[in-house]
Amino acid sequence: MRKITEIIIHCSDTQEGCDVTAADIRRWHTTPKEKGGKFGFRDIGYHEVIRLDGTVEHGRPYTDVGAHCEGHNTNSIGICYIGGRKIVEGTDKWEWADTRTEAQKDALCRTLAAILICFNLQPSCIHGHREYANKACPCFDVRQWVRDDFEPWFKEQKKKVDDMLRAGVGERKDT
Ligand SMILES: [Zn+2]
């Protein structure tokens, strides 16, 4: 397994409410350039895709280097939530926006927690694409969200597990 030191969050750059799947993104990413594709990757660029209803679809295996953030792919895992654009009310124009549904926020928390525990990482390793590129992606301040929302939740979950393990050890009896 390659060394993982970062988790980078993205949006799919699609309209709010548009139920795009990992298969759709895989098709966009892998269509050869000579056939009109924009990227011509060998596989979907992200490792995880979080759909509107919170379903998490696996993309590229973690063992493979992704293609999602220039200069940061080698040691990172890329997570993409579906959305990132919304229509400006009363117009036909769109703007960048944090369109994550509650289900997507929950799924993002669970996915991040699993990766942090699996690779023994700290929440400080979670970043947004726009920290590394002149882009809006993922259309929210990841550092602030991690600090205000994710970390308190993550600490609570870890405490629950610790309490459970302690209780389990206390109850065990040698027979
Ligand atoms: Zn991105």
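Biologist: Which exposed residues does the face of α2 turned away from its buried side carry?
Modeller: That face of α2 carries the exposed residues E102 and A114. Please keep in mind that this is a predicted model.

Biologist: And which residues of α2 are buried?
Modeller: The buried residues of α2 are Q104, A107, L108, T111 and L112. Seen down the axis of α2, they fall within an arc of 135°, so they line one face of the helix.

Biologist: What span should α2 have, and how far apart are its ends?
Modeller: At 1.5 Å a residue, the 17 residues of α2 should span 24 Å, and the end C-alpha atoms are 24 Å apart, so the two values agree. Just after α2, N120 takes a positive phi of about 55°.

Biologist: Turning to the sheet, what is the strand order?
Modeller: The order is β4-β3-β5-β1-β8, in an open sheet of five strands with mixed pairing. β4 (56–58) and β8 stand at the edges with a single partner strand each, so one side of each has no neighbour in the sheet. Direction ignored, neighbouring strands are turned by 25° against each other on average.

Biologist: How many bridges join β1 to β8?
Modeller: Three bridges join β1 to β8, and these two strands run parallel. Within that pairing, I8 has H127 of β8 as its bridge partner.

Biologist: What about the largest nonpolar core: how many residues has it?
Modeller: The largest nonpolar core has 26 residues, and V49, I50 and I79 have the most contacts inside it. At least two residues each come from β1 (6–11), α1 (22–30), β3 (48–50), β5 (76–81), α2 (102–118) and α3 (142–171).

Biologist: Which residues does V49 touch, leaving out those up to four places away in sequence?
Modeller: With those left out, V49 touches A22, I25, E57, G59, C80 and I82.

Biologist: One more topic: where is R130 found?
Modeller: R130 is in the loop between β8 (126–128) and α3. Leaving out residues up to four places away in sequence, R130 touches K135, A136 and C137. The C-alpha atoms of R130 and V142 are separated by 9.2 Å, with the two residues 12 apart along the chain.

Biologist: Why does R130 count as partly exposed?
Modeller: R130 counts as partly exposed because it has 19 C-beta neighbours inside 10 Å, whereas a buried residue needs 20 or more.

How values were computed:
Residues numbered from 1 in each chain as written. Predicted model: local features only at pLDDT ≥ 70, side-chain atom pairs only at ≥ 80, totals over all residues. Core = buried A, V, L, I, M, F, W, Y, C linked by C-beta atoms within 7 Å. Buried ≥ 20, exposed ≤ 12 C-beta atoms within 10 Å, placed from the backbone. Helix = DSSP H or I, 4+ residues; strand = E, 2+ residues; numbered from the N terminus. Contact = placed C-beta atoms within 7 Å. Expected span 1.5 Å × (residues − 1). Arc of directions from axis to C-beta. Pairing = 2+ DSSP bridges. Axes fitted to C-alpha atoms, helices over the stretch in contact; angles between N-to-C directions.
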